[in-house]
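Here are some exercises to work through with the model open beside you. Try each one yourself before you read its solution.

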Amino acid sequence: MRKFALIAVPYAWLLALFLIPFLIVFKVSLSDTALAIPPYTPTLKDGFGALIDGLDLENFWFLTTDDLYYKAYLSSLQIALLSTFLTLLVGYPMAYGMARAPEEWRATLMMLVILPFWTSFLIRVYAWVGILSNEGLLNQLLLWVGVINEPLTILNTNTAVYIGIVYTYLPFMILPIYAALDRMDDSLIEAAEDLGCSRLTAFWLVTVPLSKNGIVAGCFLVFIPALGEFVIPSLLGGSGTLMIGKVLFEEFFNNRDWPVASAVAVILLLILIVPIVLFQRNQQKQAEAEQ
Amino acid sequence: MPLLDALDLKEQSNVSSPVFAPWDDPNEKPLIRFENVTKRFGTFTAIDDLTIDIYAQEFFALLGPSGCGKTTMMRMLAGFETVTEGRILLSGSDIAQVAPNQRAVNMMFQSYALFPHLSVWDNIAFGLRRDKMPKDQIEARVAEMLKLTRLEKFARRKPHQISGGQRQRVALARSLAKAPKLLLLDEPLGALDKKLRQETQFELMDIQEGTGTTFVIVTHDQEEAMTVASRVAVMDEGRIIQVATPANIYETPNSVYVADFIGDVNIISGTTKPAGADRYHIDWAPNQAPIVATSQNSFSEGQTCHLAIRPEKITIAKDKPEDTENAVQGKVLDIAYLGNLSTYHVELPGGQVIKAQTANTRRISNRGITWEDPVWIRWNATAGVLLEQ
Amino acid sequence: MKRLSAFNITALTLGFAFLYLPMILLVIYSFNASKLVTVWAGFSTQWYGELLRDEAFLDAAWVTLQVAVISSTIATVLGTMAAYVLVNFGRFFGRTLFSGMIYAPLVMPEVITGLSLLLLFIGIGLDRGILTIVLAHTTFSMCYVSVVVSSRLISFDRALEEAALDLGCNRFDAFRLVTLPIIAPAVISGWLLAFTLSLDDLVIASFVAGPSSTTLPIKIWSAVRLGVTPEINALSTIMIAVVTVGVITASLISKRNAVAAQRDAQAAERAE
């Protein structure tokens, strides 16, 4: 039956290459490290009974004993939260400015926001290395102007990570907020002013509440990927920058401890479930409101 | 009122041509038969045990408010919905197992559903190509359809390059191209503005007559149904309330619902007292003389009844009329001047408001009736229809 | 006509400066004669020459291009199927799991996707190479395609497909002759998105690529970890230029279409 095949093909693909791999991660997180290929035990070759018997929560206990992981989770949360907030601070005025711009500019402005999104993520992060380094362009400029006498150390610090996250995820913040503001009827502001609001109170009482869904969507779109970010902390952050994506990557490739890396991944996912569910709710609410 | 004009036109055309009334002929076989059809969506019953016959070459209108099940009936005929219970027969055979693309039934969609990526010509040829018709025949048939709908000049245009009225004609041409036994039209004129709609109604009737195709039209516009249809089925909540010719629906509705749905009507409720052959006296308000009405249906003594009278059948005067069967005094509450007509809202002593309509046959006439004036309204015993419910 | 306030102008100017200055500087310094990337020593295109002579970079670019073309094409087919199923099929057994699997990869951290796929490939003994990267990229980009295509399908008038069935099409013909031509722009954007995602991906490819199948992002990554190099600046400039030309062309085409559509609509009104 054609209908069955239409469902079955993408379904089977996703089961085989999304769900099953994730179940394997879960299983490996319960296994022990071993000097073997693959470097964990037990495997299916040991028989199903032995496989079940060999699984335990040891790796998760290990994560609680070594405060590296604990700190990495907390610092990831902190960096993701703060950079989401900073992105909102930068993104909202831009989205607002775009929505207020003359009709014929908007398509161009929109294209300017989307263009970086199509440009390689890695290259955009890399662009900051040359700007933020000690002998980089920013320090050269500041020294030349005379604001500072010594070059500032920005690269390889958390500050650079914040800049990197705000920079790369800015379009994700601008687009949903712009969409919300663009839909808004201008006469609402006029009505608020007519009823006695000042410009600022009209903004607070009308514009901000009406763009709330866009703000929430934008924040989640920045927060969720920022939490598991690997490239930005590795390239712009220093040895002191602890982010869980980086820890996982290093655990896997440098220490070759696959079970612990898997346990780190499982916990990261558990942390992510909360914002993802909240995000889904927000999107649904918005979709219902539009109907 | 245009509704009345349409009725007049219909009457005239009926006089000039032999009477087309296959539904009155017991030997006539219906083209479509709904046999106790029920359609449920989950717990919601859209069509409730519905039985009806539609005859070949009819222009049959399904009329009702939105959600009454008329569109569901049409979609079951087209094959987009399956019947929950009962069967639908087309020329005597059950169509339940026939896929939409195998049915000799075509549909004109409410949104027209013109393929935006194809030209007018290709839209019309679409169904013919599916039938693997030879190229020269397709060309001839499309040309014929373009001529029928006066679209020859627009054959190469895309749907978004033509006007709403032209799009409507493309949709019609496309659905007629395959020469279906039955054409379904879902609110075919709903997207057109009023003036264009009235012109198109007559065009639609001409095409229906010219091609001899059976048309089933779904509409919520009573004027449209009355204008185009040979018979109208008034629907409500999944049931058919009345099926009759437009004139009969208007003049002899079978219920207050139908009377109220079609056109404007005054309903006076009361109890009956038989008064001779087909005559009844109706007690309708305390301290008022009973109303005299005639009815073919029999009512018993003291039975609750509703008298439906159209406003144009009530006349209004300043002085008490002589030798009339029904005359009641009241007070003018409101006057609506409609140009060709004026409608007076007259409040009767019991508080009931009755609408009376007069034609403004003279320019700048002073009828001498104004707000708050005491007036008399009168009508004949045969003017109203006596209804049980 | 709206007028921009000083505040709005400032916000837009600073914001776009922030978005574009780093890339502009990157482009400028790719033409720097000096090996020291932060010191300007005159105009030169020598780094482009060196880049084009670097076999390893060219190999990586070739691998990346193959992976991107194959994976985005498969992802477009699968993603369009998935979107059609999600939008048009209503309820079916396992629908919740299905839609969950479509949306989850969009928010899944890349490190987890990469790790899980690597563990699968090792588990079933599949050698890492172009095939494994294609499988990995297809999986996550089909989800993006599906989101793009389903947002178009939602606003697609189902009556068009019904009209095709009514006029004698079977389901497949109705899709091929009516639905697909109409949703084609969304399918093409889906393909372009999948293609770009595949070109860009570093993290997942790092997990699932073998030693013989280094992609361009992996190559760039190993170079930039050691700091800024002028060759990478040159490569970045080429990539930025390609994307810029592509995006500007696409938006010009869509603008032209919009203008044409508007003109047609006006002409249609006059034809009334």
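Two strands pair if DSSP finds at least two bridges between them. Please keep in mind throughout that this is a predicted model.

**Exercise 1.** Find the strands that pair with β14 of chain B, and say in which sense they pair.

*Solution.* Start with β20(B), which covers residues 385–387. To see the pairing in the model, look for H306(B), which stands opposite L387(B) in β20(B). Next, turn to β11(B), residues 266–274, which also pairs with β14(B) (residues 304–309) in the antiparallel sense, here over 6 bridges.

**Exercise 2.** Describe the open sheet of 6 strands in chain B: what is the strand order, and which strands lie at the edges?

*Solution.* Read across the sheet first: the order is β6-β7-β8-β3-β9-β10, and the pairing is mixed. Then look at the two ends, where β6 and β10 (239–244) of chain B each pair on one side only, as edge strands. Neighbouring strands are turned against each other by 20° on average, direction ignored. Finally, zoom in on β10(B) and its partner β9(B), residues 231–236: they pair in the antiparallel sense over 5 bridges. Within this pair, M235(B) stands opposite I240(B).

**Exercise 3.** Work out how domain 1 and domain 2 of chain B are laid out and how many residues each gives to their contact.

*Solution.* Begin with the bounds: the domain assignment gives domain 1 as 3–104 + 180–259 and domain 2 as 264–387. Taken over C-alpha atoms, the centres of the two domains of chain B are separated by 33 Å. The contact takes 5 residues from domain 1 and 6 residues from domain 2. On the domain 1 side there are 3 nonpolar, 2 polar and no charged residues.

**Exercise 4.** Classify the packing of α4 against α11 in chain A.

*Solution.* Two packed helices are described by the angle between their axes and the distance between the axes. For α4(A) (residues 67–100) and α11(A) (residues 212–227), the axes come within 9 Å and cross at roughly 140°. That makes α4(A) oblique to α11(A), because angles have to be over 145 degrees to count as roughly antiparallel. The crossing of α4(A) past α11(A) is right-handed. Among the contact residues are A80(A), T84(A) and L88(A) of α4(A), along with G218(A), V222(A) and A226(A) of α11(A). By class, this contact has 10 nonpolar, 6 polar and no charged residues.

**Exercise 5.** Describe the contacts that chain C makes with chain A and with chain B: how many residues does each chain supply?

*Solution.* Take chain A first: this contact involves 63 residues from chain C and 67 residues from chain A. Several helices of chain C each supply at least two residues, including α3 (55–88), α8 (171–200) and α11 (230–271). The largest share on the chain C side, 12 residues, comes from α1(C). That side divides into 47 nonpolar, 11 polar and 5 charged residues.

Now move to chain B, where the contact takes 23 residues from chain B and 22 residues from chain C. On the chain B side, β6 (105–108), α3 (120–130) and α5 (164–176) each supply at least two residues. The largest share, 3 residues, comes from α3(B). By class, the chain B side has 10 nonpolar, 10 polar and 3 charged residues.

How values were computed: Residues are numbered from 1 along each chain as its sequence is written. Chains are lettered from A and ligands numbered from 1 in the order in which they are written. This is a predicted model: local features need pLDDT of at least 70, side-chain atom pairs count only at pLDDT 80 or more; totals for chains, interfaces and linings use all residues. Two residues are in contact if their C-beta atoms, placed from the backbone, lie within 7 Å. Helices (H or I, at least four residues) and strands (E, at least two) are DSSP runs, numbered from the N terminus. Ala, Val, Leu, Ile, Met, Phe, Trp, Tyr, Cys and Pro count as nonpolar, Asp, Glu, Lys and Arg as charged, and the others, Gly among them, as polar. Axes are lines fitted to C-alpha atoms, for helices over the stretch in contact, and angles run from 0 to 180 degrees between N-to-C directions. Angles under 35 degrees count as roughly parallel, over 145 as roughly antiparallel, 65 to 115 as roughly perpendicular and the rest as oblique. A crossing is left-handed if the near helix is turned anticlockwise from the far one by less than a right angle, and right-handed if clockwise. Domain bounds come from an automatic or database domain assignment.
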